Amino acid sequence: MVEVVDTAPLRAHVRLLGDILGKIIRDNAGEALFDRVEQIRLRSKEAQDSDTWEALDQLLASLEEGEFLVIARAFSQFLNLANIADQQHTTSVQTEPHFSASSTLQKTLRVLQTKAKDTEIQAAIDKLHIDLVLTAHPTEITRRTLIHKHRALSDCLNALDSAVQSDMTRQQTQRRIAELVSQIWHTEEFRTDRPTPVDEARWGFAVIENSLWDAVPQFLRQVDAVCDAYSLPLPSADWSPIKISSWIGGDRDGNPNVTAGVTREVLLLAQWQACELFSADVAQLHEELSATTATASFKSSAMDAREPYRAVLKPLLVTLRRQRQALEAALNQGAPAPAPLTLDVLLAPLQACFESLIACGLTEMARGALWDTLRRAHCFGPYLIQLDIRQESGRHRSVMSAITQLLEVGDYSQWPEEKKVKWLQHELSSPRPLIPWDSPFDAKDQEVLDTFSTISTTPEAALGAYVISMASSPSDVLAVQLLLKSTGCSERMPVVPLFETLSDLDNASPVIDALLTDPAYRARIDKKLMVMIGYSDSAKDAGMLAAGWAQYRAQEALLETCRAHGVALTLFHGRGGTIGRGGAPAHQALLSQPPGSLAQGLRVTEQGEMIRTKLGMTPLAVNTLGQYASAILQANLVPPPEPTPVWREVMEQLAAQSCDVYRRWVREDPQFVPYFRQATPEQELASLPLGSRPARRKLDGGIESLRAIPWIFAWMQNRLMLPAWLGAGEALQSALESGKLEMIREMLREWPFFRARLSMLEMVFAKSDHTLSAHYDQLLVEPDLASVGQRLRHQLQRDIDTLLTILESDQLLAHDQWVQQSIGLRNIYSAPLNLLQAELLRRVRAETKPEIQQALMVTMAGIAAGMRNTG
């Protein structure tokens, strides 16, 4: 049964924001341009109803060059404002029963208490673990200064929702909204320069400061309340199910801008941010904990001060402030970095205060702000985040090759895998130094070694995992373990292979099995292993459906392999925000994974604009944590069904055929790549000052070297959405033609994995647009390539018809009219941007002009906002 959510308040907020934006455009751009905007909006609405774009196209074609930027900004800003209203609506008092963490957890517990014992539920809550890994995003569109204004706007909309506002207060709130919208209109949408990795890290830390810092304790309080309501014991005081990790400043895969020096700076910056935030918390506690009642032992530790809690907290506050000053000197003046604070320095005085208050019966004081700070200390600690290091496997092979040649034992890169493994195992057990530090290494190899030197001087608790991208063999893992050992790093640092391509996913279990058969390796990892599953590159390699099945099978096989060796496996999910990169609604995505895959908790990347969408405001972050927690509890206590042998057979056939179709297009059709480059803004995307990482791993590469994110971004812009559906519908149609319709419908009803795949497919189809895609072709594609687009759109329509047959429906998203209406509303504003973008691309490819390029960038941002995701 689909829950009905009252959207009247949301529509009222969208109208209010639209009216204010319209007035600002009229006042600043003039009546004539405002009238143009209104004409375009009305023509677009008519086109949505009639599915004919000729009138709107003619109107846009009549625009003068000086009008492009204002028109693009008007529609782009409206879509941003609509998104703000939409996000606020999901966290407002009207929708609290539907979306809040508390309501989500309560619904889950009601189900679980009918299927599991309370002791089992309590054990699952105690074991709950969620590790969110923040990553930079090369298509994150929105500037940090605008994000702050968006957050302030959301706060104002929350205030308008309050039933206790007086008329005067309401007018003041509306004036503040008008002020903020005016500030947004008069602010440049884009950075003038590409951000550095350190800039990106500051952006990530701002998300922690402005959202997660409050969201974590708020979420834990909601868990406390739900446990109390369902007669479950409260979690212990040191219960810490949330961890925040990061790749920002540590991910050097294909990004030459992330150096060992950058990593050191980001680690110091994180410590500074932690000191800043904890200083504010402890200062508040020092101000508020003026109680004189305390245990005798606590009074003794406070030197029998009249106000013992203040006496214990004061030295901690002084320590934090001094550390912050020393870190500022290191960051800004090049002074030596201070010795890092330990977690115990932070925790001990807070824990002592808590225990004394509890022992004296002052429970309300103990479980107030002090408890929130204690929980933050367990979650964030003195390092704020745990920084992962990521590097591509080939860079490690290059270093090993240099070392073996310097040692005159051969060229490691030319050895067969068996010889590599044998040599690595021998060196791992040997006490002799490996690296001839006095010998010259080339710049790239030296940078890899410098990174390991940075790891060796960093506290273990400040680091997360060492992730090896494009891992494909046991030697890839052993090489990193050897480099850690040889450079004096902690050998306890998890070394995590990332299996990304279709073949690597299929080979993941044999690789891990080969490693685990070595007793020395098992001893080094202490029977705990983490493996990362790549979603982006596997989907780009094989298409959405084949990649999804390969990811599922790889997880199953890895779980079985580790079970056989008595090793606890944590699966690390490298999901993106879009469907073509593994994105899906959180609850649905987690429950579609194989049984047992969440037994060790969840570790997942949160990327770019999805950080802002899911975690960017405190209420959103609390709700996201609630979605994750409820899905993990449900998956571990009431696991999803395993696929039957018949389902597996059907899925194997679907995956194989969809992969063949996808690769036939992308790899074998000689016209495909030229068409892609002409029909999408892929080439122009590289010029956007968005992320610090290049769009390509290799500057001279083709599609295979293009990163998955811009690959998705480009197809989303021209509304063909190709990476998320190509091959899937054709495979499904073939299954229907062979008499498997009822079996497909059974899989849809009974198997969460398959249901999630088709649900994502339906959403993609709803966001695609044949007519707009054809318009891009008409303006941008050479005549001899036009048939490529025609064939793709024909296939897209066939695939939509196939899905509707399976769903027994005559329209997409018939079961979710709110989402259907939301997409329709956004199309009124995004369609003109698509038509405008196609014209701007035509012009910028003929002659690059700064004002045309700026308008083009605005259309990209606006379409991304309209689609609710970038890459």
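This report looks at the overall build of one protein and at one pair of its helices.

**Confidence.** The model is predicted. The protein averages a pLDDT of 91. A score of at least 70 is reached by 94% of the residues. Where pLDDT is low, the predicted coordinates should not be read in detail.

**Overall build.** The protein has 39 helices and 8 strands. Its C-alpha atoms fill a box of roughly 80 × 80 × 60 Å along the principal axes. The radius of gyration is 28 Å. A compact globule of 871 residues would have a value near 29 Å, so the two agree. Of the 871 residues, 59% count as buried. Now take the contacts between residues at least 6 apart in sequence: 82% of them join residues at least 24 apart.

**A helix pair.** Helices α17 and α19 pack with their axes 9 Å apart. The angle between them is about 105°. Angles of 65 to 115 degrees count as roughly perpendicular, and α17 and α19 are therefore roughly perpendicular to each other. The table shows who makes the contact.

| Helix | Residues of the helix | Residues in the contact |
|---|---|---|
| α17 | residues 393-406 | Arg395, His396, Ser398, Val399, Ala402 |
| α19 | residues 443-456 | Lys444, Asp445, Glu447, Val448, Leu449, Phe452 |

What kinds of residues make up the contact of α17 with α19? They divide into 5 nonpolar, 2 polar and 4 charged.

Note on methods
Residues are numbered from 1 along each chain as its sequence is written. This is a predicted model: local features need pLDDT of at least 70, side-chain atom pairs count only at pLDDT 80 or more; totals for chains, interfaces and linings use all residues. Side-chain values use heavy atoms; hydrogens and water are left out. Axes are lines fitted to C-alpha atoms, for helices over the stretch in contact, and angles run from 0 to 180 degrees between N-to-C directions. Helices (H or I, at least four residues) and strands (E, at least two) are DSSP runs, numbered from the N terminus. Angles under 35 degrees count as roughly parallel, over 145 as roughly antiparallel, 65 to 115 as roughly perpendicular and the rest as oblique. Contact means heavy atoms within 4.5 Å. Ala, Val, Leu, Ile, Met, Phe, Trp, Tyr, Cys and Pro count as nonpolar, Asp, Glu, Lys and Arg as charged, and the others, Gly among them, as polar. pLDDT is the predictor's confidence in each residue, from 0 to 100. The radius of gyration is taken over C-alpha atoms; the globule rule is 2.2 Å times the number of residues to the power 0.38. Buried means under 20% relative accessible area, exposed over 50%, partly exposed in between (1.4 Å probe, protein chains only).
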